Amino acid sequence: MENKWSKSETCNGIPYYINHYSEVTQWDHPDLVSAVSSLSTMDNIHFGAYRTAAKLRMLQKVLHMDVVNLITVRMAFELHGYSHHNDSVMDAVQLYNIINEMYHMTKVRGRSTLRVNRSSDLLLNWLLNLFDIQRTGCIRVLPVKLGIAVICSGSITDKYRYFQDLLANKTGSIPRKMMTEFMHDVTQITNMIGESETFGKGVAASVEDCFQSALGQTITQDDFHQWLLSEPQTLVWLPTLHRFSAAETMKHEVKCSVCKMHPVIGLRYQCLKCFNFDLCQNCFFTRRSSKHHKQSHPMQEYCLSSKSKEDVRAFTKTVRNNLSKKHGRRIKKKYRSIEDGYDSDDRASDNQDAELETHVRLSQMSERLKAVETQQPPGLNRSDSLPPSIKSTRQSIGTATTDESRYQERRELEDLIDQLEKENEYVDKS
Ligand SMILES: [Zn+2]
Ligand SMILES: [Zn+2]
């Protein structure tokens with residue numbers, strides 16, 4: 001904080017900031033104000049989920065929550081007597097102490113440069129803006145825990161487990177009322193970074209979606225967990241944030257076909273239709289393209305670094321998934337990838353060639369099948385929060401289409417794949 005600013009507190013411990021030059025006071029820490037205003041630099045990202053993820057990642061770093069993990073968060077709440085009492089309230093001083101504890105524990109565990117008090121001020125400010133914008137000094141525990149869990153580091157599945165623990169009642173199920181509160185609170189986070197148009201309107205629909213198979217007014221924790229794993233539209237920015245962060249320092253030994261970045265750093269996108277067409281995340285996010293590549297082409301996203309051999313593996317995974325969806329189960333190691341075939345010594349070379357050929361044909365078929373699938377029936381609305389081509393890889397083969405000829409083509413391709421699958425099984429056995 002610059003010299004012209006100083007921090008003060010109201011009688012109930014809520015911080016505010018005084019500018020001694022202009023003699024004005026404000027609730028917001030000047031550094032948080034500038035951080036929030038710089039989030040608009042992400043507005044050129046076309047896809048809502050990635051735009052939101054990029055903004056949250058930026059905030060996470062400003063708040064230094066990228067180094068505070070979920071275990072530390074839980075411990076800090078526990079140490080201050082808030083491991084339960086999720087439906088109770090606390091004041092700003094209690095919340096500050098918990099936050100401060102969290103950063104302090106992180107600092108002594110090896111983050112020696114962490115500025116504990118400054119980070120605490122910023123995080124408290126962010127949480128109050130989210131959940132006590134009127135500065136009443138009466139802060140509900142549950143949303144604060146949710147907000148911190150979203151912005152801290154940790155695995156996405158641990159976060160999902162934590163959410164379900166927070167929402168469950170004494171009998172271990174999640175009431176509809178809690179689910180509604182959860183969606184409402186989480187939506188505040190995206191609203192606050194200017195994404196209310198993208199994710200702010202789906203609270204009621206999300207609750208309905210989650211309770212679809214529920215018999216009464218509660219669902220099991222497991223059903224809730226499964227629902228989260230299905231990456232529902234209103235929360236898709238959260239797993240996206242995790243992929244985006246995990247890929248941040250990844251180097252891919254390919255060149256971006258548009259801006260020529262080499263190696264590609266961050267997320268990498270490979271077109272499954274064009275030969276040798278890769279994009280870096282910036283070019284993909286801003287929908288930059290070149291002559292032959294179309295925005296409608298299916299793209300494979302690489303979160304982790306990959307070499308050419310792994311490319312093949314990733315591609316065969318797509319093929320396998322496509323096939324296994326048709327059968328409603330995952331096929332385990334049924335199709336060996338190309339390099340597996342060449343590496344194994346105990347197989348006759350004839351077999352390898354036959355398998356390789358079948359495999360390549362399977363890949364081609366699967367790709368054509370995917371191309372047919374990704375043509376949407378007319379009049380179907382698509383959200384722009386995720387790119388259509390990436391999203392479409394989650395569609396099942398069984399989706400009905402309105403176009404008779406496409407249906408025919410798909411049937412033919414499915415039959416062909418069936419046939420090839422049998423051939424492959426035969427090769428596998430022989
Ligand atoms: Zn690029
Ligand atoms: Zn392409």
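Where is E231 found? E231 is in the loop between helix 11 (221-229) and helix 12 (237-247). The model is predicted, with local features needing pLDDT of at least 70 and side-chain atom pairs counting only at pLDDT 80 or more, while totals for chains, interfaces and linings use all residues. Residues are numbered from 1 along each chain as its sequence is written, chains are lettered from A and ligands numbered from 1 in the order in which they are written, and side-chain values use heavy atoms, without hydrogens and water. Helices (H or I, at least four residues) and strands (E, at least two) are DSSP runs, numbered from the N terminus.

**Annotated domain**
- UniProt, in an unreviewed entry, places the feature "domain: WW" at residues 1-32; UniProt positions follow the numbering used here, feature names are shortened, and annotations may be inferred rather than shown by experiment.
- Residues 1-32 are 9% helix and 41% strand, and their end C-alpha atoms lie 10 Å apart.

**Helix 5 and helix 6**
- The axes of helix 5 (residues 116-131) and helix 6 (residues 141-151) come within 10 Å and cross at roughly 125°; axes are lines fitted to C-alpha atoms, for helices over the stretch in contact, and angles run from 0 to 180 degrees between N-to-C directions.
- Helix 5 and helix 6 are therefore oblique to each other (under 35 degrees counts as roughly parallel, over 145 as roughly antiparallel, 65 to 115 as roughly perpendicular, and the rest as oblique).
- In their contact (heavy atoms within 4.5 Å), L123, W126, L127 and F131 of helix 5 meet P143, V144, G147, I148 and I151 of helix 6.
- By class, this contact of helix 5 with helix 6 has eight nonpolar, one polar and no charged residues (Ala, Val, Leu, Ile, Met, Phe, Trp, Tyr, Cys and Pro count as nonpolar, Asp, Glu, Lys and Arg as charged, and the others, Gly among them, as polar).

**Helix 6 and helix 8**
- The axes of helix 6 and helix 8 come within 10 Å and cross at roughly 50°, which makes helix 6 oblique to helix 8.
- L142, P143, L146, G147 and V150 in helix 6 meet M178, E181, F182, D185 and I189 in helix 8.
- The classes in the contact of helix 6 with helix 8 are seven nonpolar, one polar and two charged residues.

**Salt bridges**
- The whole structure has 16 salt bridges (a side-chain nitrogen of Lys or Arg within 4 Å of a carboxyl oxygen of Asp or Glu).
- One of them joins E208 and R176, with the closest N and O atoms 2.8 Å apart.
- This pair links distant parts of the chain, 32 residues apart: E208 is in helix 10 (residues 203-210) and R176 in helix 8 (residues 176-192).

**Backbone**
- Most residues other than glycine have a negative phi, and most peptide bonds are trans.
- E231 has a positive phi, near 50°.
- The peptide bond from H262 to P263 is cis, with omega near -5°.
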